[in-house]
Amino acid sequence: MSVLPPLSGCGEFATVRIEVYGGGGLDAAAYACAGHAASIVATIEAAGWSACPAPRVPESGRPCGHVYRYPTGGLADPPGDTHPRWCDRDGCAARRRHRSTRLTLTPRSPAPPADPPASEALATDDPTAKGPAAEAPITEAADVALAQALVPGAGPVLVVAVGGAEPGELMLTLDQGRVLSYRLRRLLDLAAATHARRAGPGVRPRNRRGCP
C-alpha cells in the first residue's frame with residue numbers, strides 16, 4: 001500500500017478536500033469538485049487507503065483530481081524520484097513525457113430555460129419553427145495541462161489539446177502562456193465592451209477596458 005492510483009478529476013476548482021490516511025497519520029490530501037468527490041473517495045478506498053472528505057475553504061490553485069503528498073507520509077516521493085510534483089504519474093513512460101492533471105476548457109452547459117407560456121409552447125411544437133437554440137454550435141472538447149519530456153534538461157511546457165480521442169495539440173512555453181493569458185483578458189474585455197454597446201438605448205458606453 002504505497003501507491004495512490006490516478007484520480008478521475010475534471011480539473012474544475014475543487015470544493016471538497018479529502019484527507020488520505022494509511023496505517024499511521026495523514027499521508028496526503030486529494031481535492032475534488034462536488035460531482036467527483038464520491039468517485040474519488042471510492043478510488044482511494046479501493047486502493048487500501050482511508051478517505052475522509054470535508055468541505056474546504058476556497059483557495060486558488062487546487063483543481064479537482066489534484067493530490068498533495070505530505071513529505072513525511074506514506075505517499076511521499078521516494079529518494080531519487082524523477083516525477084515533477086505536478087505529474088499525474090499515469091503512463092509517463094508510454095507517452096514519453098510527464099503530464100499534470102488536464103484542466104478542461106469546455107464551458108459548462110447553461111441552465112435549461114424556464115417553461116415558456118402556453119402560447120409560445122404551441123408555437124414551438126411546430127416542427128418547421130426553428131430558432132437560435134435549435135442551431136446551437138457544438139463545442140469541441142478542449143483541455144490544457146503541463147507537460148515535460150523525459151529527456152535531461154527538459155523543462156515544463158503548456159499543452160493545449162483540442163478534439164476527441166486523438167486531439168490536436170499546441171505547445172507553448174511558460175512565458176508564452178503568460179503572454180497569452182494577458183492577450184486573452186484583453187480580447188475578452190473588448191468583446192464585453194462591444195456587447196454592452198449593442199445592448200440597446202439606455203446602456204452607458206464603456207471604454208476600451210470594458211469599464212463604465
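## An aromatic pair

In this predicted model, one aromatic pair is counted, where rings of Phe, Tyr and Trp (its six-membered ring) pair if their centres lie within 6.5 Å, and planes under 30 degrees apart count as stacked, over 60 as edge-to-face and the rest as tilted. The rings of tyrosine 68 and tyrosine 70 have centres 5.0 Å apart and planes at 90°, so this pair is edge-to-face. Tyrosine 68 is partly exposed, with a relative accessible area of 30%; buried means under 20% relative accessible area, exposed over 50%, and partly exposed in between (1.4 Å probe, protein chains only).

## How the model is read

Residues are numbered from 1 along each chain as its sequence is written, and side-chain values use heavy atoms, with hydrogens and water left out. Because the model is predicted, local features need pLDDT of at least 70 and side-chain atom pairs count only at pLDDT 80 or more, while totals for chains, interfaces and linings use all residues.

## The protein as a whole

The protein has four helices and nine strands, which follow one another from the N terminus as β-β-α-β-β-α-β-β-α-β-β-β-α. Helices (H or I, at least four residues) and strands (E, at least two) are DSSP runs, numbered from the N terminus.

Of the 212 residues of the protein, 24% count as buried. Among the contacts with a separation of 6 or more, 54% come from residues 24 or more positions apart, a contact being heavy atoms within 4.5 Å. The protein exposes about 14,300 Å², and carbon and sulfur atoms supply 59% of that area, as computed by the Shrake-Rupley method with a 1.4 Å probe, where for residues only the protein chains shown count as cover.

## A four-stranded sheet

Four strands form an open sheet in the order E3-E1-E2-E4, with antiparallel pairing; two strands pair if DSSP finds at least two bridges between them. The edge strands are E3 and strand E4 (67-69), each of which pairs on one side only. On average, neighbouring strands of this sheet are turned by 20° against each other, direction ignored; axes are lines fitted to C-alpha atoms, for helices over the stretch in contact, and angles run from 0 to 180 degrees between N-to-C directions.

Strands E2 and E4 run antiparallel and are joined by three bridges, with alanine 30 standing opposite valine 67 in E4. Helix H1 packs on the sheet, touching E1, E2 and E3, and its direction makes about 5° with that of E1.

In helix H1 (residues 37-46), the residues Ala37, Ile40, Val41 and Ile44 are buried. They cover an arc of only 100° around the axis, which puts them on the same side of H1; the arc is that of the directions from the helix axis to the C-beta atoms. An α-helix has 3.6 residues a turn, so residues three or four places apart point the same way. The buried residues of H1 pack against strand E1 (16-21), strand E2 (26-32) and strand E3 (50-55), whereas Ala38 and Ala46, on the other side of H1, are exposed. Just after H1, glycine 48 takes a positive phi of about 100°.

## Strand E7 and its partners

Strand E7 (residues 142-149) is mostly covered, since six of its eight residues are buried. With strand E8 (residues 157-162), strand E7 pairs in the antiparallel sense over six bridges, and here aspartate 143 stands opposite alanine 161 in E8.

Strand E5 (residues 97-99) also pairs with E7 in the antiparallel sense, over three bridges, and arginine 97 stands opposite alanine 149 in E7. Strand E6 (residues 103-104) pairs with E7 over two bridges, again antiparallel, with threonine 104 opposite aspartate 143.
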